Amino acid sequence: MHIVTRKTLGGIQTDLTGQAFAKNGSPVPGLYAAGEAAGFGGGVPTALLFPPLLTHTSCMSDPRVDLYIEAVPAWQQAICQQVRALVHAADPDVEETIKRTVQPYFVLEGNICALLAAKDHVNVFLYDGGIVPDPHNIITAGHTNKTARTVAFHEGDAVNEEAMVEMFKAIIANNRAGGWRKIKGR
């Protein structure tokens with residue numbers, strides 16, 4: 001049993017520490033929420049309530065990524081935040097940036113992934129050069145792409161956290177080994 005906030009204003013269900021919960025009631029590892037959408041605040045700035053929360057996911061967060069995520073519908077925000085937490089869980093040294101003017105990228109010695117919130121889904125572009133195994137069959141597009149493959153999430157889709165973290169860790173390992181281009185050239 002976990003104590004949840006008394007109201008979420010239609011936002012993410014959290015406990016009193018800000019830990020976010022999936023629709024099935026299980027905690028989403030590494031995902032924390034704050035502010036009125038999470039049942040906290042009442043107009044009080046989040047920074048006053050949860051100063052450590054602002055850096056909980058990663059000390060390498062980029063406020064421009066926050067702005068991108070805040071601008072999309074709530075269900076897409078939840079997916080983007082969950083993927084964001086998972087890529088940071090794969091390696092705490094992951095950094096965030098914006099490329100292509102507005103698109104969030106997660107990098108560590110090369111691109112790991114990027115987010116793109118489309119009209120009816122969220123794309124997670126995995127920059128693996130098509131060489132990271134996909135034993136969980138999470139890749140939904142770009143199977144033969146030479147640069148990146150895609151995992152698409154529609155409203156109500158569950159994120160296979162284990163599979164995503166495995167993919168992120170493999171991409172990071174390849175980046176540290178010189179990148180997929182170098183590895184493919186062997």
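**Helix faces and cores in a predicted model**

Colleague: Which residues does Asn174 touch, not counting residues up to four places away in sequence?
Modeller: The model is predicted. Asn174 sits in helix H4, residues 161-176. Beyond four places in sequence, Asn174 touches Ile131, Val132, Gly179 and Ile183.

Colleague: Is Asn174 buried or exposed?
Modeller: Buried means under 20% relative accessible area. Asn174 has 18% relative accessibility, so Asn174 counts as buried.

Colleague: How are the buried residues of H2 arranged around the helix axis?
Modeller: Helix H2 covers residues 63-70, and its buried residues are Val65, Tyr68 and Ile69. Seen down the axis, they fall within an arc of 95 degrees, so they line one face of the helix.

Colleague: Which exposed residues are on the face of H2 turned away from its buried side?
Modeller: The buried side has its cover, which includes helix H3 (74-90) and strands S3 (95-99), S4 (103-107) and S5 (111-117). The face turned away carries exposed Pro63, Leu67 and Glu70.

Colleague: Which residues have the most contacts inside the largest nonpolar core?
Modeller: This core has 33 residues.

Colleague: How many residues are in the second, separate core?
Modeller: Ile112 is in contact with Val107 and Phe125, among others. Val107 and Phe125 belong to the second core, which also includes Tyr105 and Tyr127. The number of residues in that core is six.

Methods: Residues are numbered from 1 along each chain as its sequence is written. This is a predicted model: local features need pLDDT of at least 70, side-chain atom pairs count only at pLDDT 80 or more; totals for chains, interfaces and linings use all residues. Side-chain values use heavy atoms; hydrogens and water are left out. Helices (H or I, at least four residues) and strands (E, at least two) are DSSP runs, numbered from the N terminus. Buried means under 20% relative accessible area, exposed over 50%, partly exposed in between (1.4 Å probe, protein chains only). Contact means heavy atoms within 4.5 Å. The arc is that of the directions from the helix axis to the C-beta atoms. A nonpolar core is a set of buried Ala, Val, Leu, Ile, Met, Phe, Trp, Tyr and Cys residues joined through side-chain atoms within 4.5 Å.
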